[in-house]
Amino acid sequence: MTTVAIVPAAGSGSRLGRRRPKQFLSVGRAPLVVRTLRVLAGVREVGGIVVAAPPEAVGATRRLLERFRVPRIVAVVPGGRERQESVWLALQVVPASTSLVVVHDAVRPFITGSLVRRVIGAARRHGAASCGVPVVETVKQVHDGKVEATVEREGLWLVQTPQAFHRSLLWEAHEKARSGGFVGTDDAVLVERLGIPVRMVPGLPENFKITTPADLARARTFAARGRR
Ligand code: CTP
Ligand code: MG
């Protein structure tokens, strides 16, 4: 069964607030996107990788990946305005002979090969899989600084990537979302909307998404400690 990875790396990083999109910022000796791609490229099951880059930075991204000698890059395509659109555009160049697609955010560099393999394995068996971690803190709904409700924590998970899907299922899920004007923040929700169950496998606490300046500082501390 052939597997291709899609890496959405076309965001602007507005919450991090740097001029350069966060996926191109260095953590240790390599840009974030390079670190992430190296892990994916090291997973035997991943036959190729499609990267979605900011449209104005497609050429620069190709050159960057060549300079850092990232293997198994099949294509770098221009991304879209939303993450969902970037994944969809990348999906267009995934060969039709591919059976499984694994989607992983460029800005989660502390992924491990074994987690990627666990998610791929679950998706092979069940069609669709995500990883995540159970919520450990109390969750409240707040409006205008006032608590409106306390949400039952039991059964709540914080969702991470990688997520993996049979290629045809991911395609169908994206098509349905597009035709209904639905925009989600991950790919699993698009499959859920087809009424198809998504398996959840335990992720890793260090597989956090670099979103804010504090996350970037944490990533640099991690990297300095030799966590790649
Ligand atoms: N992404 C993408 N295309 C977009 C938006 C996001 O490929 N139009 C990618 C990002 O590059 C990132 C991943 O999706 O690898 C997760 O998105 P997020 O953390 O929200 O990144 P940004 O959208 O860049 O950040 P922000 O929302 O703060 O602007
Ligand atoms: Mg975003």
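Colleague: Where does Asp144 lie?

Modeller: Quick note before I start: this is a predicted model, where local features need pLDDT of at least 70, side-chain atom pairs count only at pLDDT 80 or more, and totals for chains, interfaces and linings use all residues. Residues are numbered from 1 along each chain as its sequence is written, chains are lettered from A and ligands numbered from 1 in the order in which they are written, and side-chain values use heavy atoms, with hydrogens and water left out. Helices (H or I, at least four residues) and strands (E, at least two) are DSSP runs numbered from the N terminus, and Asp144 sits in the loop between β8 (139–143) and β9 (146–151).

Colleague: Is Asp144 buried or exposed, and why?

Modeller: The scale is relative accessible area: buried is under 20%, exposed is over 50%, and partly exposed is in between (1.4 Å probe, protein chains only). Asp144 also has a positive phi of about 50° although it isn't a glycine. Because its relative accessibility is 75%, Asp144 counts as exposed.

Colleague: And Thr61, buried or exposed?

Modeller: Thr61 belongs to helix α2 (residues 58–67). Setting aside residues up to four places away in sequence, Thr61 touches Phe24, Ala53 and Val76, where contact means heavy atoms within 4.5 Å. Its relative accessibility is 2%, so Thr61 is buried.

Colleague: Which element gives the most to the lining of the largest pocket?

Modeller: A pocket here is an open set of points on a 1 Å grid over the protein atoms alone, where a 1.4 Å probe fits, with protein on both sides within 12 Å along at least five of seven lines; lining residues have an atom within 4 Å of a point. The largest one holds about 1000 Å³, a volume being the space filled by probe spheres set on points joined across faces, edges and corners. Two elements give two or more residues to its lining, α3 (83–91) and β10 (157–166). The most, four residues, come from β10.

Colleague: Which peptide bond is cis?

Modeller: Look in strand β10, where Pro162 lies. Omega is about 10° there, and the cis bond joins Thr161 and Pro162.
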